[in-house]
Amino acid sequence: MTETTSLLSQYATALDEAVTSRRAIGQLSRSASLTLDDAYRVQALGSELRAARGDGLVGVKLGFTSKAKASQMGVSDVIFGRLYAKGEYPDGGSVAMEDFIHPRVEPEVAFRLGARFDARAAADPEAELRAAIDAVAPGLEIIDSRYANFRFSLTDVVADNTSAAGFVTGAWQPADLTAPDVRFDDRPVTLEIDGVAAATGSTSDILGDPVLALPAIARMAAARGVVLPAGSVLLAGAATAAVALPGGVTVSAAVQGLGSVSVTTT
Ligand code: OOG
């Protein structure tokens with residue numbers, strides 16, 4: 001093992017311990033100078049730690065898909081994170097606050113893979129990803145930075161698996177993403193807490209159209225060698241700013257034409 005790899009695995013372990021202990025850590029970027037590639041390697045090492053305790057990959061997500069958030073972070077590309085089985089909650093189910101440090105929630109659009117997708121084995125990854133998708137649903141993503149006060153640099157947040165902590169998907173509707181004119185833009189999105197609007201937006205706030213998450217996911221899955229099993233969930237990005245998620249409430253997201261999805265926090 002090179003020194004660098006051992007350092008990166010120390011960072012992955014520190015972040016993983018923050019997940020399991022629910023205790024935030026200081027930003028890695030304060031003492032380390034990670035490249036973006038290093039940060040993705042830390043994320044991948046974290047996925048090995050998860051796999052070792054039986055917490056398998058069940059999907060991927062994009063972050064910084066809204067112009068406002070990307071410019072706030074001073075970045076021009078989206079970020080890519082992994083979704084794990086332990087973070088998947090059923091629609092209408094309950095979510096224990098003790099599983100998180102300081103959770104926030106975002107309304108999203110989700111796609112589902114009807115077939116396994118291996119970007120590196122694909123001649124045309126974007127076309128094969130589109131062909132593998134069989135359904136679309138409204139989604140909720142719970143983000144929970146492992147850094148104190150939700151403060152991080154770009155490399156910090158990539159190493160921390162883009163703050164991914166949990167997700168919920170609503171009823172799946174069949175979708176054919178190979179149709180040339182398929183669009184999911186311009187649909188109002190509402191995030192409600194106990195029936196009161198907490199944030200409103202539009203699916204157009206996700207890269208202009210959530211379908212534009214697909215070329216980004218295909219590109220990033222190829223770059224990182226991520227292989228997605230059939231049934232994987234792809235979270236296209238948030239349609240509004242993230243909202244703090246309190247205990248003892250029901251949070252729901254509604255996307256026009258796709259229905260709604262909810263969970264209750266305990
Ligand atoms: C990073 C994750 C951001 C999004 O939708 O932009 C994200 C964070 O803000 O904690 O998932």
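Let's start with M73, which is partly exposed because 15 other C-beta atoms lie within 10 Å of its own. Here, buried means 20 or more other C-beta atoms within 10 Å, exposed means 12 or fewer, and partly exposed is in between, with C-beta atoms placed from the backbone. M73 sits in helix 3, residues 67–73. Leaving out residues up to four places away in sequence, M73 touches F64 and L154; a contact is a pair of C-beta atoms, placed from the backbone, within 7 Å.

A quick word on what you are looking at. This is a predicted model, where local features need pLDDT of at least 70, side-chain atom pairs count only at pLDDT 80 or more, and totals for chains, interfaces and linings use all residues. Residues are numbered from 1 along each chain as its sequence is written.

Now the whole chain. It has six helices and 16 strands; these are DSSP runs numbered from the N terminus, with helices (H or I) of at least four residues and strands (E) of at least two. Of the 266 residues, 47% are buried. Among contacts with a separation of 6 or more, 78% join residues 24 or more positions apart.

Let's move to strand 1, residues 57–63. Five of its seven residues are buried, so strand 1 is largely enclosed by the rest of the structure. Who are its neighbours? Strand 1 pairs with strand 2, residues 79–84, in the antiparallel sense over six bridges, and with strand 13, residues 233–238, in the parallel sense over three bridges. Pairing means that DSSP finds at least two bridges between the strands.

Next, helix 4, residues 125–132, where P125, L129, R130 and A132 are buried. Those four lie on the same side of helix 4, because they cover an arc of only 165 degrees around the axis, the arc being that of the directions from the helix axis to the C-beta atoms. The buried residues pack against strand 5 (104–113), strand 6 (117–118), strand 7 (133–143) and helix 6 (213–224).

Last, the ligand. The residues surrounding it include F64, K69, E106 and S163, where the C-beta atom, placed from the backbone, must lie within 6 Å of the molecule. By class, this shell has four nonpolar, six polar and two charged residues. Ala, Val, Leu, Ile, Met, Phe, Trp, Tyr, Cys and Pro count as nonpolar, Asp, Glu, Lys and Arg as charged, and the others, Gly among them, as polar.

How values were computed: Contact = placed C-beta atoms within 7 Å.
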